[in-house]
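Welcome! Have a look at the chain below, and then we will walk through it topic by topic.

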Amino acid sequence: MRFLHTADWQLGMTRHFLSPEAQARFSDARLAAVRAIGDLAAEQHCEFVVVCGDVFDANQLHPQVVGRALEAMTSIPVPVYLLPGNHDTIDAGSVYRSAAFKHRCPDHVHVLADPGVHEIAPGIELVAAPLNVKHPLTDLPGDQCRALVPNPGVQRILVGHGAVDTLSPDPGNPATIRTGTLSDALADGRIHYVALGDRHSTTQVAGRAIWYSGAPEVTDFIETDPGNVLVVDLDRDLEARVTHHRVGTWSFIAAERHLNRAADVEEFDRWLHDLPNKDRTVLKLGLVGSISVADKARLDEITDTHSDVFAALNVSSRRSDLAVLPDDHDFTDLGLSGIVAAAAQELVGAAAGDPAAQDALSLLYRLARSAA
């Protein structure tokens with residue numbers, strides 16, 4: 001048996017650091033990832049697709065978002081099984097219960113709304129652990145494992161959503177998925193593969209057939225390996241073989257750059273220039289060091305120029321510690337006089353500890369140089 005494991009589509013997600021134009025492209029990329037999953041499922045001869053939670057970014061979404069999502073799912077040529085996660089819980093206000101979803105849901109798309117065993121084909125069962133509240137009070141996949149007994153001749157995939165204890169920052173949380181429970185169920189044949197969602201980076205857990213597929217399109221800077229889906233083979237001895245396939249096209253990059261001289265500033269320019277796919281790349285930068293006013297003016301020119309081509313380029317004040325130290329030669333050749341010279345002198349005096357004064361001094365330098 002071969003199937004495709006994915007999760008965390010987060011359809012309808014918005015990012016505050018994107019302009020309206022970039023946000024529209026980001027939303028389209030998430031739908032394109034769904035269509036790419038359909039193409040991959042056909043190419044790899046997968047029998048079905050499981051989506052392990054957070055298909056939608058929220059339960060309350062514009063009907064257009066839901067409609068376009070379901071239209072994208074229409075292109076997937078095999079059955080699709082959607083598990084409600086913590087963003088799209090199966091409660092009274094669930095997106096899966098909305099008129100927009102019910103009206104447009106294709107016949108081959110199924111919501112795993114009920115916990116427990118679902119026979120999807122002869123000899124193939126999905127064991128679903130859907131979330132009906134955002135913060136469960138128990139280990140839902142573990143509960144399903146404990147309720148199972150081995151069923152020879154049946155291939156079982158446990159479908160869950162949440163953090164496992166070996167990776168969770170809060171392993172004492174009662175909802176944390178216990179790796180030992182999953183491992184025991186795999187060892188005695190109650191289940192044969194664990195398909196998880198919630199962690200947006202592709203991850204194998206405890207060296208076993210327990211996997212997070214990761215999000216098919218990046219959602220945050222802290223993700224280490226997003227943009228993938230998994231094709232899973234269960235062979236005759238019920239051993240799982242997993243292969244990664246990339247479908248994502250966007251990148252979120254958080255980087256720190258050290259700038260202490262003019263050469264560092266020019267190297268920063270070259271680094272930005274060489275990054276690929278700028279229209280699908282979001283940068284969050286921390287700039288550290290000390291530079292002259294002339295170098296700061298050059299730096300501002302560089303960031304202004306590259307901001308026009310990246311999806312977003314943000315210099316984070318929290319991540320930055322860049323001092324502008326005026327040099328005696330910064331304004332020598334610019335022929336400043338009168339009130340402009342006085343303003344420059346005043347800003348020089350304030351620049352040491354005032355980022356606003358540093359920016360103003362850089363702008364004054366750029367304007368004066370342009371006039372000269």
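In this structure, α1 passes α2 in a right-handed crossing; a crossing is right-handed if the near helix is turned clockwise from the far one by less than a right angle, and left-handed if anticlockwise. The model is predicted, so local features need pLDDT of at least 70 and side-chain atom pairs count only at pLDDT 80 or more, while totals for chains, interfaces and linings use all residues. Residues are numbered from 1 along each chain as its sequence is written, and side-chain values use heavy atoms, with hydrogens and water left out.

**The chain as a whole**

- The chain has nine helices and 16 strands; helices (H or I, at least four residues) and strands (E, at least two) are DSSP runs, numbered from the N terminus.
- Of the 372 residues in the chain, 51% are buried; buried means under 20% relative accessible area, exposed over 50% and partly exposed in between (1.4 Å probe, protein chains only).
- Among the contacts in the chain with a separation of 6 or more, 71% are between residues 24 or more positions apart; a contact means heavy atoms within 4.5 Å.

**Helices side by side**

- Two packed helices are described by the angle between their axes and the distance between the axes.
- The axes of α1 and helix α2 (residues 63–74) come within 8 Å and cross at roughly 25°; axes are lines fitted to C-alpha atoms, for helices over the stretch in contact, and angles run from 0 to 180 degrees between N-to-C directions.
- That crossing makes α1 roughly parallel to α2, where angles under 35 degrees count as roughly parallel, over 145 as roughly antiparallel, 65 to 115 as roughly perpendicular and the rest as oblique.
- On the α1 side, the contact is made by Asp28, Leu31, Val34 and Arg35, and on the α2 side by Arg68, Ala69, Ala72 and Met73.
- Sorted by class, the contact of α1 with α2 has five nonpolar, no polar and three charged residues; Ala, Val, Leu, Ile, Met, Phe, Trp, Tyr, Cys and Pro count as nonpolar, Asp, Glu, Lys and Arg as charged, and the others, Gly among them, as polar.
- A second pair is α6 and helix α7 (residues 293–307), which pack at an angle of about 5° with their axes 10 Å apart.
- This makes α6 roughly parallel to α7.
- From α6, the residues in the contact are Ala262, Val265, Glu266, Phe268, Asp269, Leu272 and His273, and from α7 they are Asp295, Arg298, Leu299, Ile302, Thr303 and His306.
- The contact of α6 with α7 divides into six nonpolar, three polar and four charged residues.

**Aromatic rings**

- The structure holds 12 aromatic pairs; rings of Phe, Tyr and Trp (its six-membered ring) pair if their centres lie within 6.5 Å, and planes under 30 degrees apart count as stacked, over 60 as edge-to-face and the rest as tilted.
- Phe3 and Phe48 are a stacked pair, because their ring centres are 5.1 Å apart and their planes are at 0°.
- This pair links distant parts of the chain, with Phe3 in strand β1 (residues 2–6) and Phe48 in the loop between α1 (20–43) and β2 (49–51), 45 residues apart.
- Phe3 and Phe48 are both buried.
- Tyr96 and Phe101 have ring centres 5.2 Å apart and planes at 85°, so this pair is edge-to-face.
- Tyr96 is buried, with a relative accessible area of 5%, and Phe101 is buried too, at 3%.
- One aromatic cluster is formed by Phe17, Phe26, Phe221, Trp250 and Phe252.

**Two residues and their surroundings**

- Leu196 lies in strand β8 (residues 193–197) and is buried, with a relative accessible area of 0%.
- Although Leu196 and Gly160 are 36 residues apart along the chain, their C-alpha atoms are separated by 4.9 Å.
- Leaving aside neighbours within four places in sequence, Leu196 is in contact with several residues, including His5, Cys52, Gly160, Ile177 and Trp211.
- Arg280 lies in the loop between α6 and β14 and is partly exposed, with a relative accessible area of 26%.
- Not counting residues up to four places away in sequence, Arg280 touches Thr249, Trp250, Ser251 and Ala311.

- Gln10 is not a glycine, yet it has a positive phi of about 50°.
- Gln10 lies in the loop between β1 and α1 and is buried, with a relative accessible area of 1%.
- Asn277 also has a positive phi, near 50°, and Asn277 is partly exposed, with a relative accessible area of 40%.
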